[in-house]
Amino acid sequence: MNGAAFIVISILTLAAALAAATLRKLMHAALSFAVAFVGIAAFFFLLGAEFVGLALVFIYIGAVAVLIVFTILLTRRDIEKDRGFNWSGVIIAVALFCGLTWSILKTPSLSIVAPHIRALTVKRIGEALMTSYVWPLQCIGLLLTAALIGALVLVMEEKR
Amino acid sequence: MTPTLQIFLIVSAALFSIGLLAALSRRHAIFILIGIEMMLAAANLNFIAFWRFAPKPHQPPVGVMLALFSIAISAAEAAVGLAMIIAVYRHYRTTNVDQLDQLKG
C-alpha cells in the first residue's frame, strides 16, 4: 500500500466532500459530490476491494449523481433561495470529529499495518453471494424492487 | 510510509463529519440527502478498511459483502428520498426544509 497515493486520494476526497457540503450553487455541489465518490472508489481500489470500488463508481456516479442532477433541474425554481446556513451544525460536526479522532488515536490495537493477503477475485465474491449470502441477496432484490415501485408511486401525477 | 488502520479511520471520521455538517447546516433538502449519502460512504470505507486490516482475512469476505449490501441499500434510499423531494416540491413549491412547517404546533 502506497503512502503517497493515500495522501493524494485523501486530500482529493476530503476537499471534494467539503466543497459538496459548503458550495452555494447546487449544481457545483452535485458535481463535487461525484468527485468525492471517485475518491472513495480510489480508496477501495487502494485497499484491494476492486469489485466494491467499481460497484461504487457504477452506482453512485452512474446513477445517484445523475439522479441528484435531475432532481436539481426539476426543482430549479428554488435554487436562488438557498441562503440559510446553520452554524450550530459546524460546531456539532467539529466536536464529533474531534471526539472520534481522539478515541481512534487512544486505541492502541488500531495502529497496525495491512497484512499480506491473496487478491480478492470476483469469483470468490460470486461464490460467497451464491452460497452463504443468498438470503440477503434475495432480500436486497426485494428491497430494490420495492424502492423502485415506491419512487414511481411517489412522483406519479395525482388523478383529479 | 505505509498507512495504518488509524489513518483510514480518521479519514473516514472526517468524511462522516463533513456529511453531518452538510445534513445539519444546509437548508436545502437535496443537500441533506447528499450529506446522508456521504455518511453512508464513510461507513462503507470503515467496513472495507476493517476487512483489509483484519489479521486473518475471512472466507467468505465479510467486510466486502457488508459494503456491497450497504451500497445497494443506500441506492434504494437515495431513489426514494429524491422522489420524496420531488413530491414535496410539487405540493409546496419549495425544497427549503425551514419552510415545510405545516405540522409545527
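## Largest pocket

In this predicted model, the largest pocket has a volume of about 340 Å³. Its lining counts 18 residues, and those closest to the pocket centre are Leu67(A), Leu148(A), Ala151(A), Ala79(B) and Ala83(B). Two or more lining residues come from each of helix 3 (50–74) and helix 6 (134–155) of chain A and helix 3 (62–92) of chain B. By class, the lining holds 17 nonpolar residues, 1 polar residue and no charged ones.

A pocket is an open set of points on a 1 Å grid where a 1.4 Å probe fits, with protein on both sides within 12 Å along at least five of seven lines; lining residues have an atom within 4 Å of a point. Helices are DSSP runs of H or I with at least four residues, numbered from the N terminus.

## Arg52(B)

Arg52(B) belongs to helix 2 (residues 29–53) of chain B. The side chain of Arg52(B) does reach the backbone oxygen of Leu47(A), at 3.2 Å.

## Ala146(A)

Ala146(A) sits in helix 6 of chain A. With a relative accessible area of 48%, Ala146(A) is partly exposed, a class that runs between the buried limit and 50%. Ala146(A) and Leu73(A) are separated by 73 residues in sequence and by 25 Å in space, C-alpha to C-alpha.

## Basis

Residues are numbered from 1 along each chain as its sequence is written, and chains are lettered from A and ligands numbered from 1 in the order in which they are written. Local features need pLDDT of at least 70 and side-chain atom pairs pLDDT 80 or more, while totals for chains, interfaces and linings use all residues; side-chain values use heavy atoms, without hydrogens and water.

How values were computed
A polar contact is a pair of N or O atoms within 3.5 Å; within protein, one must be able to donate a hydrogen and the other to accept it, and residues adjacent in sequence count only if both atoms are side-chain atoms. Grid points are joined across faces, edges and corners, and a volume is the space filled by probe spheres set on the points. Ala, Val, Leu, Ile, Met, Phe, Trp, Tyr, Cys and Pro count as nonpolar, Asp, Glu, Lys and Arg as charged, and the others, Gly among them, as polar. Buried means under 20% relative accessible area, exposed over 50%, partly exposed in between (1.4 Å probe, protein chains only).
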